[in-house]
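Please read the following report with the sequence and the three-dimensional structure open beside it. It starts from a single residue and then widens to the surroundings.

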Amino acid sequence: MATAPEALLAEAASDDGLVARPPSRARVTLRRFLAHPTAVAGLAVVALLFVLAFAGPHLTRWSYSDIDYTALRSGPSARHWWGTNRIGQDVFAQTVRGLQKSLIIGLLVGVAATAGAATVGACAGYFGGWTDRLLTFVTDLLLIFPSFLVISVVSPRLKGGGWLVFALLLALFGWMITARVVRSMAISLREREFVRAARYMAVGPLRIIARHIVPNVASFLIIDATIAVGSAVMSETALSYFGFGVQPPDVSLGTLIADGTGAAITYPWMFFFAAGLLVVFVLAVNLVGDGLRDAIDPTSARRRPGRRRAR
Amino acid sequence: MNDPVLDISGLTVDFGGVPAVRGVDLHLGRGEVLGLVGESGSGKSVTALAAMGLLPAAAHVGGSVRLDGAELVGAGDKALSRVRGNRVAMVFQDPLSAFTPVYRIGDQIVEAIRTHQDLSREKAAARAVELLDLVGIPEPRLRAAAFPHEFSGGMRQRAMIAMAVANNPDVLLADEPTTALDVTVQAQILDVLRTARRETGAALLLVSHDLGVIAGMADRVAVMYAGRIVETAPVDALFAAPRMPYTLGLIGAVPRLDADAEGRLEPLVPIPGAPPAPGALPPGCAFAPRCPLAEDRCRETEPLLTAAGRAGKATHPAGAADPAHLAACVRAEEVGALRPLDVFPVPGTDGALRKAGPGGGRPVADDVLRVTDLARTFPLLKGAIVKRRVGSVHAVDGVDLDIRAGEVLGLVGESGSGKSTTLFEILELRPPERGSVEVLGRSVEGLTRRDARALRAGVQIVFQDPMASLDPRLPVGDIVAEPLRAQHADRALVARRVPELLRRVGLEPAHADRFPHEFSGGQRQRIGIARALAVDPRLLILDEPVSALDVSVQAGILNLLLRLRAELGLAYLFVSHDLSVVRHVADRVGVMYLGRTVETGAVAEVFARPLHPYTQALLSAVPLPDPVRERARTRILLPGDPPSPTSRPSGCPFRSRCQVFAALDPGRKERCTTQAPALAPQGGDHTAACHFPAERAVL
Ligand code: SF4
Ligand code: SF4
């Protein structure tokens, strides 16, 4: 079965009077992504998590910092849906609050670090010469920079919305290795004929990077970004443990998991809701990444299966 | 014929259920040369490899291959090794893979001899040197101690043949032995193969896609299509009166170097469509989807290979009773009397198209490209960490070209002649190292960015490998629109142009949302052409546009180029190593050797009366797909390989291989060794760079 837009397009294109806009890559990619059921499911799950994270606090009368002295370590009940922790805080309220932080930190770090890596790597590889030398120097410098030290110095000065800056700091120290890989891929792409063809057609260098270089390293970038999402959530935890990043009484999924680990067997609700949401989150991001990769790579095996038969 | 040395019958090969060879019968008589022709994917190489038992374990081989009555299919490794390299030897397309890089050539040949013969090391070594001498390797005693990578491609192929004949085999299998080589080297290697065969009396199974090579070498020919033999006949009969539409199409699709009596060229006939995928064969005759003569009965049962072509009963009407001429076609008798053009319709205008009349002179128009004395050198660097410049590669060293609006200039030369470097120098639009480049009447000196962009709209390029030159991640519509967008065309224009362009090159506008890998090779090249046409250029630079394609597909692309040129008044700079193709599409030709233009002129003139010794040798090395004419020609065989472009000899750079120079008396030789000949007019607009130009007919 040809999908509806395809059939329409074919019709419109064969009709001389009615000029159809030739489908651009963005539309073709979107169509292929939407035809990928697991990817759409992943996207839906991520969306639901956001809804949960931002609508959740309004659903319960507990706030994440409230302490219910009448219910310490009580299991899930009508009063405390997901139970309470050691000092009587509502686990549901805390988890959704933590989810807010972790979703944003994870996605922001994943996307920002990968975008930075792609830009720096592709520019260094494509332009070569002193651009390459300069960018490689910066990359290497950041690579040997004691990121932990920098974050620990900077984060205590950030009050309130500081955790956003904290996410950017994490991103700042998370792109270098990817950038180096992208750079070497770009160097080999630069010599490919289709890039050369674009150059001879007067396509500008930045457009070449955006249209030809980056899409051709996209598979790698997407895998890298999905891994970065998960690891950002975890490194935030590690840093929070040392007192940077998200500070008590504020919470993130990471700090909740860290706190609940010891009680995982005895009081499972303190641990499993946070851990479960993190797993769901990372899984969903992976599904989206998979779908995006297949949508961008036209040769991937899991193409829309109906198409071959249709034509 | 009565006593075949190699008897292949009912051979089948499949790779994981996908059939590659589907019942092949071949009989190779003692001392006979059998040519096996087919396009890529037809199963010809697999057949040869299966006969040697050289297929990977994943291949499932059925049927029988008998060598002097001894069955080879299913024989154990031991038995096969006794036969391989001893009674049957193989010459591969890529000789580098056949030699072990870390052993000396001589030692490897000694090894080959001593595996099968009881000879002392010294005797075997002496024999190895003898063999190297036989295949024309100069200073064989010294060269025996060389490593494979120290040999050029042609030399390696010679050494490979030496190794193959080391044990006086009964059968030689040569799988595309000259495909990767330049035509002058190909002529040498074919000559060596002939010598080797004469010396050993071996039968030769020559696998090739090149009808010219087959016409010159083979006694009998078998044509393969989709894993089966579809026609087999003595070489003369096959070329004169093929009985299978596919063979007819192949012959009609090959551009020819020689014109007919009136000097006209036949239009090429493209075979429509593409060969079927091995996993998805049509029922009945595998060629039916592409065959203009197909009838309903063709699609029912697969026709057998018979003298009359009719499945089951063999009738022998008068005139078709040659028992050696078999065809797998239900209409074989009719086909025998037809010519390619009768069977394969050449779409309207394509067939009628002629190039600017012969002798009609050049169009009166302004130049779209003028290159004078262009040079480009690359530094030769040495050292792993600290690079030192140890010399220069003179890739381009004095090239002159001029193309007028609406004209087609063919630029020919062998690999290393600097053709591609010349192109890229022109396309970079930057001031050259030496000489001058003028594009569309503008010098490339001092162009601003805006000027350069505007100029690029007038000059577009089509690359050799259509897969590599199309971004695999972009839908075809976006690919074709790219030059338009680079010129800041508005969306409405892009939307209108893309379907129009696709239709113009013979593709479905509705396929704009597909990706390059979903198209066949020929279609991809059409996409490349559509992209180049997007901004209405005046000059199209074509870099070997058909050399990656099978002949039947190539013909379609060449016809398209001719049609576009007539419709749009384009000028082409057509770069190719294939002189027949240039003969077919170009008005004028420039011949390059070692980075210099050595001869230019109108195509008809240069091909009929070449003046430069190199052009003469080049033309004489191209095999003609016509056994009668091919065998009657005398060939100029150039010795050796082109010298490396790092050394820049004094005098004429062609001296080391020049057949005219070799015959000169010492007094006149002096001139060639001391003065580099300049490109000088030789009457009309025919120019040649030689001190002693002499006409010589070579076709
Ligand atoms: S059998 Fe029919 S389809 Fe096949 S080649 Fe002959 S005429 Fe064409
Ligand atoms: S100048 Fe002398 S060496 Fe050069 S091509 Fe002419 S005859 Fe040969």
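Ile161(B) is found in helix α7 of chain B, where helices are DSSP runs of H or I with at least four residues, strands are runs of E with at least two, and both are numbered from the N terminus. The model is a predicted one, in which local features need pLDDT of at least 70 and side-chain atom pairs count only at pLDDT 80 or more, whereas totals for chains, interfaces and linings use all residues. Residues are numbered from 1 along each chain as its sequence is written, chains are lettered from A and ligands numbered from 1 in the order in which they are written, and side-chain values use heavy atoms, with hydrogens and water left out.

With a relative accessible area of 1%, Ile161(B) is buried; buried means under 20% relative accessible area, exposed over 50%, and partly exposed in between, using a 1.4 Å probe and protein chains only. Leaving out residues up to four places away in sequence, Ile161(B) touches Val91(B), Val135(B), Ile189(B), Val192(B), Leu193(B) and Ala196(B), where contact means heavy atoms within 4.5 Å. The C-alpha atom of Leu470(B), by contrast, is separated by 39 Å from that of Ile161(B), and these two residues are 309 residues apart along the chain.

**Cores and domains of chain B**

The largest nonpolar core has 81 residues, of which Ile109(B), Tyr246(B) and Phe287(B) touch the most other members; such a core is a set of buried Ala, Val, Leu, Ile, Met, Phe, Trp, Tyr and Cys residues joined through side-chain atoms within 4.5 Å. Helix α7 (residues 153–164) of chain B gives the most to this core, with 7 residues. Because domain 1 (6–218) and domain 2 (243–352) of chain B both give residues to the core, it lies between them. In soluble globular proteins, nonpolar side chains tend to be buried together.

Which residues does Phe287(B) touch, not counting residues up to four places away in sequence? They are Tyr225(B), Met244(B), Pro245(B), Tyr246(B), Ile271(B) and Phe344(B). A second, separate core of 75 residues includes Val408(B), Leu484(B), Ala532(B) and Cys652(B).

Chain B is divided into domain 1 (6–218), domain 2 (243–352) and domain 3 (370–458 + 537–614), with bounds that come from an automatic or database domain assignment. The C-alpha centres of domain 1 and domain 3 of chain B lie 37 Å apart, and the contact between these domains takes 6 residues from domain 1 and 6 residues from domain 3.

**The ligand and a helix that meets both chains**

Ligand 1 is surrounded by 13 residues, and the closest are Cys285(B), Cys291(B), Cys298(B), Cys329(B) and Val330(B); a residue is near a molecule if one of its heavy atoms lies within 4 Å of it.

In helix α16 (residues 449–458) of chain B, the residues Ala452(B), Leu455(B), Arg456(B), Ala457(B) and Gly458(B) are buried. The buried residues of this helix pack against α9 (193–200) of chain A, and also against α15 (419–428), β15 (434–439), β16 (442–443), β17 (459–462) and β18 (539–543) of chain B.

**Chain A**

Chain A has 14 helices and 0 strands, and 49% of its 311 residues count as buried. Among the contacts in chain A with a separation of 6 or more, 69% are between residues 24 or more positions apart.

Leu253(A) is buried, with a relative accessible area of 0%, and its contacts beyond four places in sequence include Thr95(A), Ser102(A) and Leu278(A).

**Accessibility and backbone angles**

Most residues other than glycine have a negative phi. Phi of Ala202(A), however, is near 70°, and phi of Asp68(B) is near 50°. Ala202(A) sits in the loop between α9 and α10 (205–216) of chain A, while Asp68(B) sits in the loop between β4 (59–67) and β5 (70–71) of chain B.

| Residue | Relative accessible area and class |
|---|---|
| Ala202(A) | 12%, buried |
| Asp68(B) | 37%, partly exposed |
| Asp626(B) | 18%, buried |

Asp626(B) is found in the loop between α24 (613–621) and α25 (627–632) of chain B, and, apart from its neighbours within four places in sequence, Asp626(B) is in contact with Ala215(B) and Arg256(B).
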